[in-house]
Amino acid sequence: MPPASGAVEAFAAVARSYCDLIEQVETLSLETVLDRLALLLPRLLELAVQLQSDEPSGDVTGDEVSYGAWRERYVAVNGALGNLGDYWTTMEVGGDQEPEVVNLPLADDRADIWRDLRAGLSLVGAPETVVDAVWEWRFNFETHWGAHAVEALRAVHGARTLSPRK
């Protein structure tokens, strides 16, 4: 049974907007990039939770983004963010041990989310592969890009407060 088309269309539209932003980051001001990320990240999180995923067809996968393409986006995003490109966080979300504090590049979050969303977008155009697109988005949300988006949203908020506003 295909997923509800309204939820899929809404998610796909926001995913496209996010991917477009990452693919055009070199041409935009820092303020524009941060403002658009502050709008797109929570929307992606909200809509991903609403995606209802059936099992994939088993024989269809999205177009894999090469390491070279990922690296190109990473470098572009890192350059666009300048000195606001790193943030401090912990990798643990619970437990009894004091978590280790680490410094992470925001560009890694941005590029990883882009890679995971782009793969699903390559499938959503054909009705027979929509289930596979939704499964890929939802699976990667739960196992990978969701954590990147949550961490990045906090870092983007911090960067927006540090960035000079016009």
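**Pockets, core and helices**

Author: The second largest pocket holds about 160 Å³ of space. A pocket here is an open set of points on a 1 Å grid over the protein atoms alone, where a 1.4 Å probe fits, with protein on both sides within 12 Å along at least five of seven lines; lining residues have an atom within 4 Å of a point. Volume is the space filled by probe spheres set on the points, which are joined across faces, edges and corners.

Reader: What sort of model is this, and how are things numbered?

Author: The model is predicted, so local features need pLDDT of at least 70 and side-chain atom pairs count only at pLDDT 80 or more, while totals for chains, interfaces and linings use all residues. Residues are numbered from 1 along each chain as its sequence is written, and side-chain values use heavy atoms, with hydrogens and water left out.

Reader: Which residues line the second largest pocket?

Author: T61, G62, E64, V65, R115, D116, A119, E136 and N140. α4 and α5 each give two or more residues to that lining. The largest share, 3 residues, comes from α4. (Helices are DSSP runs of H or I, at least four residues; strands are runs of E, at least two; both are numbered from the N terminus.)

Reader: How does that lining divide by class?

Author: 2 nonpolar, 3 polar and 4 charged. Ala, Val, Leu, Ile, Met, Phe, Trp, Tyr, Cys and Pro count as nonpolar, Asp, Glu, Lys and Arg as charged, and the others, Gly among them, as polar.

Reader: And how much space lies in the largest pocket?

Author: About 220 Å³. It has 13 lining residues, and T90, M91, A147, H148 and E151 are the closest to its centre. β1 (86-90), β2 (101-105), α4 and α5 each give two or more residues to the lining. α5 gives the most, with 4 residues. By class, the lining has 7 nonpolar, 2 polar and 4 charged residues.

Reader: Switching to the core. Which residues have the most contacts inside the largest one?

Author: F11, Y18, L117, W137 and W145, in a core of 48 residues. A nonpolar core is a set of buried Ala, Val, Leu, Ile, Met, Phe, Trp, Tyr and Cys residues joined through side-chain atoms within 4.5 Å. Buried means under 20% relative accessible area, exposed over 50%, partly exposed in between, with a 1.4 Å probe and protein chains only. α5 (130-162) gives the most to this core, with 11 residues.

Reader: What is W145 in contact with?

Author: Leaving aside neighbours within four places in sequence, W145 is in contact with F11, L44, A48, I113, D116, L117, W137 and N140. Contact means heavy atoms within 4.5 Å.

Reader: Now α4. How many of its residues are buried?

Author: 15 of 19, so mostly covered. The end C-alpha atoms of α4 (106-124) are 27 Å apart, which agrees with the 27 Å it should span at 1.5 Å a residue. The expected span is 1.5 Å times one less than the number of residues.

Reader: What covers the buried residues of α1?

Author: The cover includes α2, α3, α4 and α5. Among the buried residues of α1 are V8, F11 and Y18.

Reader: Last one. Is S57 buried or partly exposed?

Author: S57 counts as partly exposed because its relative accessibility is 46%. S57 lies in the loop between α2 (30-50) and α3 (67-81). D59 lies in the loop between α2 and α3 too, and D59 is exposed, at 66%.
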